Amino acid sequence: MADETLMRAALALARRGLLAGEAPVGACIAQDGRVIASAHTAVAGGPDASAHAEILAIRAACRSLRSVTLAGCELYVSVEPCAMCLAACHYAGISQVFFAASLQDMQAVTGHELGAPVPPSIRLHGDVLGDEARAMLAEWSAQRQARV
């Protein structure tokens with residue numbers, strides 16, 4: 001139940017990103033079941049290729065805790081993290097990552113996602129409210145196609 005509540009918060013952020021013209025990816029970092037940082041992707045608005053929701057949330061969590069170590073924190077993200085974001089989770093010490101839609105779902109929309117082996121320090125938990133995230137990806141895909 002707590003996982004779904006935290007994932008709903010990530011999905012709400014993804015919706016905000018979508019409304020802002022970004023990829024619908026939202027992320028929350030929780031400690032002891034409480035959100036300590038959150039963000040949605042802001043790549044287009046930057047422009048900053050590294051402004052993925054996970055990276056922005058990790059930066060905010062580090063500022064919030066005044067630490068570069070986020071051990072004991074969990075990441076909830078609407079789409080499975082890419083290689084860059086998994087590496088950031090590893091270096092920050094995040095050991096649990098929950099995601100809704102898979103990287104393959106995102107690949108189906110963008111055609112250029114980069115997967116990576118999951119570091120052994122991270123346990124991935126997938127398809128938490130995945131149907132809702134996939135519906136948002138389909139909406140984003142339709143918007144992208146309408147602009148072309």
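## Packing of helix 2

The buried residues of helix 2 contact strand 1 (26-31), strand 2 (34-40), strand 3 (73-79) and helix 3 (83-92). Contact means heavy atoms within 4.5 Å. Buried means under 20% relative accessible area, with a 1.4 Å probe and protein chains only. The buried set in helix 2 is A53, E54, I55, A57, I58, A61 and C62. An α-helix has 3.6 residues a turn, so residues three or four places apart point the same way.

Helix 2 covers residues 53-65. Its 13 residues should span 18 Å at 1.5 Å a residue, and the end C-alpha atoms are 18 Å apart, so the two agree. The expected span is 1.5 Å times one less than the number of residues. Just after helix 2, R66 has a positive phi of about 55°.

## Basis of the model

This is a predicted model; local features need pLDDT of at least 70, side-chain atom pairs count only at pLDDT 80 or more, and totals for chains, interfaces and linings use all residues. Residues are numbered from 1 along each chain as its sequence is written, and side-chain values use heavy atoms, without hydrogens and water.

## Overall fold

The chain holds five helices and five strands. Their order along the sequence is α-β-β-α-β-α-β-α-β-α. Both are DSSP runs numbered from the N terminus: helices are H or I with at least four residues, strands E with at least two.

The C-alpha trace spans about 45 × 30 × 25 Å along its principal axes. Of the 148 residues, 45% are buried. Among contacts with a separation of 6 or more, 61% join residues 24 or more positions apart.

Methods
Buried < 20%, exposed > 50% of the residue type's maximum accessible area, 1.4 Å probe, protein only.
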